[in-house]
Amino acid sequence: MKLIKFFSISSIIIAPFLIFLSAIHFAGFSSSFYKEEFSRYNVEKNIPEALEIHKNVMDFIKGKNDYLPDKFNGREKTHLQDVRRLVLLSKAILYSLTASAGILIILSARKLKKRIDLEQFIGKILLFGGLLAITIAVLLFLLINLNFSSSFESFHKIFFQAGTYAFDPEYEIIVNIYPEELFMDLGLRIAKFVTVVSFIFMAAGTLIFLRNKKIK
């Protein structure tokens with residue numbers, strides 16, 4: 001039973017990472033989202049070809065091509081290369097965690113002979129994994145709304161080298177195509193996505209518990 005407990009705790013910890021990474025890749029690369037944001041912040045008014053440049057940037061970041069427009073200078077291209085490495089790493093982590101979660105469930109299924117015990121195991125992962133994810137989503141929501149600039153700066157300090165992510169809007173177009181407000185909206189979009197998925201996880205887990213309680 002100690003092994004099952006370890007599998008359960010490990011799966012519950014993995015669940016929020018799966019939800020958040022899925023949210024980032026789903027919400028972070030939505031073409032309709034950026035189209036709406038560009039319109040909201042008048043990006044195309046200053047840079048008419050913004051959507052075309054953005055499509056190229058997204059293809060580059062996702063590893064679909066190795067080319068960036070010459071509209072970006074060396075510093076901007078270096079930063080986008082750093083973003084690409086981070087995105088591809090997060091994608092690899094997402095796949096690895098998905099595989100790990102699957103392996104843990106398979107191993108647990110072999111240990112738990114009764115179907116009802118396996119359902120309880122999965123229900124616990126869904127319920128408590130969703131609860132943990134929604135707690136983190138609420139914290140993210142509060143950070144964004146209370147002091148987004150500070151949170152955004154802290155994020156960059158963690159994942160990028162100092163001096164590689166500050167740009168002058170007068171001379172560098174990257175901050176004109178992607179204003180800080182856009183990333184604030186993106187953060188809120190991710191937090192909302194995580195919240196919805198977490199509620200689905202929690203609801204499914206609760207239903208499994210209630211159904212099995214009636215069976216018992």
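Visitor: Does Arg84 count as buried or exposed?
Guide: Start with the scale. Buried means under 20% relative accessible area, exposed means over 50%, and partly exposed is in between (1.4 Å probe, protein chains only). Arg84 has 17% relative accessibility, so this residue counts as buried. The model is predicted: local features need pLDDT of at least 70, side-chain atom pairs count only at pLDDT 80 or more, and totals for chains, interfaces and linings use all residues. Residues are numbered from 1 along each chain as its sequence is written, and side-chain values use heavy atoms, with hydrogens and water left out.

Visitor: Which residue forms a salt bridge with Arg84?
Guide: General idea: side chains of opposite charge can pair when their charged atoms come close. The test is a side-chain nitrogen of Lys or Arg within 4 Å of a carboxyl oxygen of Asp or Glu. Here the partner of Arg84 is Asp66, with the closest N and O atoms 2.8 Å apart. Arg84 lies in helix α5 and Asp66 in the loop between α4 and α5, so the pair ties together parts 18 residues apart in sequence. Helices are DSSP runs (H or I, at least four residues), numbered from the N terminus. Asp66 counts as exposed, at 66%.

Visitor: Which residues do salt bridges with shared partners join into one network?
Guide: Glu37, Arg40 and Asp185. Take Glu37 and Arg40: their closest N and O atoms are 3.3 Å apart. Both lie in helix α2 (residues 31-40), three residues apart, about one turn of the helix. Glu37 is buried at 3%, whereas Arg40 is exposed at 52%.

Visitor: How many salt bridges does a search of the whole structure find?
Guide: Eight. One of them joins the side chains of Glu49 and Lys71, at 2.9 Å from N to O. Glu49 lies in the loop between α3 and α4 (50-61) and Lys71 in the loop between α4 and α5 (74-111), so this pair links parts 22 residues apart in sequence.

Visitor: What is Glu44 in contact with, leaving aside its neighbours within four places in sequence?
Guide: Contact means heavy atoms within 4.5 Å. On that test Glu44 touches Phe38, Ala50 and Leu51. Glu44 sits in helix α3 (residues 43-46). With a relative accessible area of 31%, Glu44 is partly exposed.

Visitor: Where is Phe141 found?
Guide: In helix α6 (residues 115-159). Phe141 is partly exposed, at 37% relative accessibility.

Technical notes. Helices (H or I, at least four residues) and strands (E, at least two) are DSSP runs, numbered from the N terminus.
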